[in-house]
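This report describes selected local features of one protein model. The sequence and the structure are shown first.

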Amino acid sequence: KDTGKPLWSYRYTTDYVDSFGFVNGPRATPTVADGRVFTHGADGQLHALDLATGKLLWSVDTAKAHGSPQGYFGRACAPLVHHGKVILTTGGKNAVIAFNAKDGSVAWATGDDEASYASPVLASTTSDDGVLLCWLRNNLTTFAAKDGRVISTTHWRPDMDASVSAATPIKTDRGWFISAGYDVGASLWQVDKQGQLKQTWKTADTLDCHYATPVYRDGHVYGFHGRQESGMTLRCIDTASGKLAWESGRVKGGTLLLVQDKLLVTTEDGELWIVRASPTKYEQLATVQILRAGHRSYPAYSDGVLYARDAEKMVALRLVK
């Protein structure tokens, strides 16, 4: 944290080449749980590493073993670890697979949909082992976390074939908020204790998230609206009605984190914005250039320090009041 010196590294050979000429590195955020790091590469390689040493514990090639397709931009699902299982939306032979965290063996595999670019979430823990909410390529689906049983599914995706749904569903005070570009728009869904899905509201051109997952605080959702090609605005909307509260000026795009009552926004232009997470008005408290332009990597925040990277460097910034 204080020096940036590497403690360990793990590398492996891959033949992945992006179909659209984007960088060939991983898309998914690693998951840390129970002393292990789980990574999922764009080539479909799932690895379990020891957190302390970086030693490889096991690996699974989901492309070879389970037919996980490359899709438009490679595999991008962040692993979800729950009750000793590592859960991925892989597509291919099955939409969702749960691997045993101990050795990588398959605990269960289920569904016949393709994978999207949104990661699975745990919607409920009150029903047996819990309910998974997965926004897949074609459908919004809930599964029993214990055995992968399909509980409820509804068709929910862009009409346009050359499209992706990338923002992960987020929990709010009134249900699960789901959003995408390509004319899908924003919507709010209830997931009951049994895992049944029910839509509360939907709205178009209010908060259409192209690739970045929004955040929630005190009855409002904050996120980037619009397509990256035409520019985006940071917006705040009310979860009760779906109505717009405010928006920023237009930028290429970016990602955001919620830390207490502040939004830490990293733009594609390499700027860090500190924005007040309040529905009253758009209030940008600070702006500083921290990275080169043209990168979408999500930053991380821990113990007062923001970590961010572009294609060439990583920075750590201590944020103080």
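## Conventions

A contact means heavy atoms within 4.5 Å. The model is predicted, so that local features need pLDDT of at least 70 and side-chain atom pairs count only at pLDDT 80 or more, while totals for chains, interfaces and linings use all residues. Residues are numbered from 1 along each chain as its sequence is written, and side-chain values use heavy atoms, with hydrogens and water left out.

## His-155 and strand β12

His-155 belongs to strand β12, residues 150-155; strands (E, at least two residues) are DSSP runs numbered from the N terminus. His-155 counts as exposed because its relative accessibility is 52% (buried is under 20% relative accessible area, exposed over 50%, partly exposed in between, with a 1.4 Å probe and protein chains only).

Leaving out residues up to four places away in sequence, His-155 touches Asn-138 and Asn-139. A polar atom of the His-155 side chain lies 3.2 Å from the backbone oxygen of Asn-138. Between His-155 and Thr-29 the C-alpha to C-alpha distance is 27 Å, with a separation of 126 residues in sequence.

## Thr-141 and strand β11

Thr-141 is part of strand β11, residues 139-144, and counts as buried because its relative accessibility is 4%. The side chains of Thr-141 and Thr-153 are joined by a polar contact of 2.8 Å (a pair of N or O atoms within 3.5 Å; within protein, one must be able to donate a hydrogen and the other to accept it, and residues adjacent in sequence count only if both atoms are side-chain atoms). Apart from neighbours within four places in sequence, the contacts of Thr-141 include Leu-132, Cys-134, Val-150 and Leu-197.

## Cysteines

A search of the whole structure finds zero disulfides, a disulfide being a pair of cysteine sulfur atoms within 2.5 Å. For Cys-134, the nearest cysteine sulfur is that of Cys-77, 7.9 Å away; for Cys-236, it is that of Cys-209, at 12 Å. Cys-134 counts as buried because its relative accessibility is 0%, and Cys-236 counts as buried, also at 0%.

## Cavity

How many cavities of 30 Å³ or more does a search of the whole structure find? The search finds one. On a 1 Å grid over the protein atoms alone, a cavity is a set of points where a 1.4 Å probe fits but cannot get out, and lining residues have an atom within 4 Å of a point.

The largest cavity holds about 70 Å³ of space, a volume being the space filled by probe spheres set on the points, which are joined across faces, edges and corners. Its lining includes Gly-254, Glu-268, Leu-291 and Arg-309. Strands β21 (254-259) and β22 (262-267) are the elements that give two or more residues to this lining.

Terms used: Helices (H or I, at least four residues) and strands (E, at least two) are DSSP runs, numbered from the N terminus. On a 1 Å grid over the protein atoms alone, a cavity is a set of points where a 1.4 Å probe fits but cannot get out, and a pocket is an open set with protein on both sides within 12 Å along at least five of seven lines; lining residues have an atom within 4 Å of a point.
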